[in-house]
Structure formats: structure tokens, C-alpha cells
Amino acid sequence: MQKRTTDYLVVGAGAMGMAFADVVFSERPDARITIVDKRAKPGGHWNDAYPFVALHQPAAFYGVNSAKLGAGGADLASHAQILAYYERVMNRFLASGRVEFLPLSEYLGEGRVRSAADDDSGMTFDVRERVVDASYMNVEVPATHGPRYEADAGVALVPPNGLAHIRRAWERYVVIGGGKTGMDAVLFLLDHGVAPGRIRWIVPHAAWLWNRAVVQPGIAAGELLRQLHAIIEADSVDDVFLRLERQGSVFRLDRAGLPEKWRCATVNARELEKLRTVEQVSDLGRVQRITASGIELEQGRLASDERTLHIDCTADGLARLQPKPLFSPGGITLQSVFMCQQVFSAALIARLELLKLDDEQRNAVCEPVPHPEHKADLPSCVTTSLGNILDAHRYMPLWLRRCRLNLMSHESLLNYCLAAYRARNAVSRARMSVQRLQSPA
């Protein structure tokens, strides 16, 4: 095997790996970086995602810190824009001569890398600084992670990517999955003229949805403060969400029930109203099997036939994983340190790496915030996220203020300082409330 030397070996050229590499590339000009990825192009799961996907939060705080994505403001970058963006960023890295990209390659551990195209080729790296695991928070998409249920031969079943290649109209469409991908599939069908009555939507567990209007550059800090105060004042987790709903922060598809999930899926009011036009929404649990004549679910059965197209949207996306130490001897495991803000988290971890601190100190500044799944996850996620930023502010106040990936950095200086002051006063109270809300009645 070839023997090579690098300062940072980044495993994964997805959104988090690129955000980490960008900070090291921009702020430590002597560092050599090697990026390894199983895919042929940078951009991670965006390479496999359905072509009509777009960001569900503003592009103003997505991507890498050193390069603007999109038109600014409320702009949501499209699938094509995001892939082109990451290719431009990678080309800039490579042009410097300080970054090496090894696509179609697998990291085997202990500095060893093997090409997926040739089992006999490979190289071993002497890593002077860190191996950075940017693959731990792996995003699953339906195109690469098949359904978790059985489907009989002959059943028309496609991932959402298949919707972009429809060549004939189907009598009925069944969208399986209630997450953001399922919502995108339903909206795609409605936007292309499919009547709501021809769509059945299988939603095993309803989720609270974040109102995109409040997750915008210049006002997001106020939204986070509202969440903190709802946590402090609420009598229960449901009460947290009902308070936020009254304030316009969150939505629910069905006003008659209280959702069990919270995964940061973000929609606007127009999308919400369109989703509500679909009346055939099944809450009979997860699909177990699809046969030629029906769909078997955990709590019942629905009719189906050969005139129905089934769209599988059940991949877990960002799963809630067991947290690991961010920094360990010779290694970094990239994880969220701010709720549902993965690229900002990766950039912040890179900045921590460049500070003159030991690993114990670095791990004490920020703790991982696992991706939320259930409604009970929101209070701890919000409180830990803001606590992390306040602690990091002691070491990098100017960097945080200037970091475009920090959704709060888009506030005016006055609002930014006021929000930091109010958050510092509220976080300790919110932490006590989290303990109270998590305690059994």
C-alpha cells in the first residue's frame, strides 16, 4: 500500500465533512487535508436525494462558512444548486494544493484507505492531527435504503426519485411515510395536478412541524428565546408545543390530535394548507407488507391494486444516535451541538479543534445534541443547544458573530447581544424545567 501523510483525514464529503474541512482550510493555511468518500462527488446524501428536493430552512445558513449559498434571505436552494455548490467548494479546495479528495474510496480504519473501484489498490496515511469521522450522522434517503417492509412481486413501489420519471398517470397514489420526505412527495403530486382525493397518505406517527416563517435570518434568535420561555413556563411537554403553536412557532396537520414526534421538519403556511387537502390519511401504524390487493399495517389493512403507485418515504433520514465524545485521542466524531443545525455544528467543532485547548476542555465546551425524534426531545435539545453556544461564546465570540452558518449571526448587533443576554438568564431556568418535564408525574 502507498504511504502518505496528511494533517486531517476527513471521512465523508457530505455537508458536515465539508463544513469541518472548510474551517480548517480557511483558518489554518498550513494544514493538509485529505477527504475520503464512497461517492464519486462531494455533497453526501444530496447525490442520492430525489431531484425535486430543496432545503427546508434558508440557504443563508447552510453549506460551508466561507462560501455563500443561494440568493440570501428566505431563499431555499434546490437539489441542483446544492450539488453544484459543493462541487465549486471542492474545486476551490483542490486548486490550493493543500486538499486531496479520494472519491469512490472507503476508510478501513488505522489510516488505511481502499478504492472501491480496485480492491488491490490502497494507501495508508500517517495522520499528524486527527481522523475526522464525518459519517457518524449518516443521512438515509429512500433511494439508497430500501423499504423496511415486504412488497410482493409486481407491486408498483418506487422511492420518491421515481416520481420525477412518471410516464403515465396512476389512478391512485399511496405515499408511505409522514416525515419531510413524505410531505415533499405529497406536495410534488399536488403541484403536478393530482387531485387530493387520488392520494392516500400513510402517517404512522404525526409530528409537530416548525413554521418556516420563524426560522429566518434576522429573527431566528427570537424564536429560540420563545422556545426557552415555553419550556420554562409549561406544565408538560404537550403544553410546551401548545404554547408554541399559539405563538405561531409550530404547526400540526391534524388539529384534533397531539402529535408524538418532533424532528424539526419545516414547512410554511401555504404548504401546510395544501397538505391538509389530503383527507385520506392513515394512522394505522407502520406498513408491514404490500400485496397485490392491499397494504397490511400494524393496526389494520387498506385496499390497493395494480392501478396504484406506492411511494416509499420511510428512510430514517437523520436518526437519533447514541452520543459519542466529540474529541478523543487522534480523532473527532462530528455530531450536532445545536439542534437540527448540522453544518453549523461541524464548523463550530472545527473551530474548537483550532483553539489551544486540550480534549477534556473542548468536550466540556460543547456536548452532542442528538437529532430529536419524539416531542419530549425538544426541551433538552433547545436548552443544551443554547447552553453550548453560550459556553462557546467565552472562547470565540467574534467567530460566532461572523459565522454565517450560525442562524443567530444574521441578527443586528443590538438584537444579537440582547438575545445572548436574555438566553444566559433563561438557560439555567430552562435546565431546571427540563428536569421537571422529564420527571414522571
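## A cysteine on its own

How far is the sulfur of Cys417 from the closest cysteine sulfur? In this predicted model, the gap to the sulfur of Cys403 is 16 Å, so a bond is out of the question. Cys417 comes out as partly exposed because its relative accessibility is 43%.

## The one disulfide

Searching the whole structure turns up 1 disulfide. The partners are Cys264 and Cys340, with 1.9 Å between their sulfur atoms. The link is right-handed, at 75° about the S-S bond. It ties together distant parts of the chain, 76 residues apart: Cys264 sits in strand 13 (residues 261-267), while Cys340 lies in the loop between strand 20 (331-333) and helix 7 (342-354). Both Cys264 and Cys340 are buried.

Cys366, on the other hand, takes part in no disulfide, and the nearest cysteine sulfur, again from Cys403, is 12 Å off.

## The chain as a whole

Zooming out, the protein chain carries 11 helices and 20 strands. The C-alpha trace spans about 60 × 60 × 40 Å along its principal axes. Of contacts between residues at least 6 apart in sequence, 72% join residues at least 24 apart.

## Surface and charge

Buried residues make up 53% of the 441. The accessible surface is about 19,100 Å², with 51% of that belonging to carbon and sulfur atoms. As for charges, there are 52 positive and 50 negative ones, and their mean positions are 5 Å apart.

Note on methods:
Residues numbered from 1 in each chain as written. Predicted model: local features only at pLDDT ≥ 70, side-chain atom pairs only at ≥ 80, totals over all residues. Heavy atoms only, no water. Helix = DSSP H or I, 4+ residues; strand = E, 2+ residues; numbered from the N terminus. Buried < 20%, exposed > 50% of the residue type's maximum accessible area, 1.4 Å probe, protein only. Contact = heavy atoms within 4.5 Å. Areas by Shrake-Rupley, 256 points an atom, 1.4 Å probe, with all protein chains shown as cover. Lys, Arg positive; Asp, Glu negative; His and termini not counted. Charge placed at Lys NZ, Arg CZ, Asp CG, Glu CD. Disulfide = S-S within 2.5 Å.
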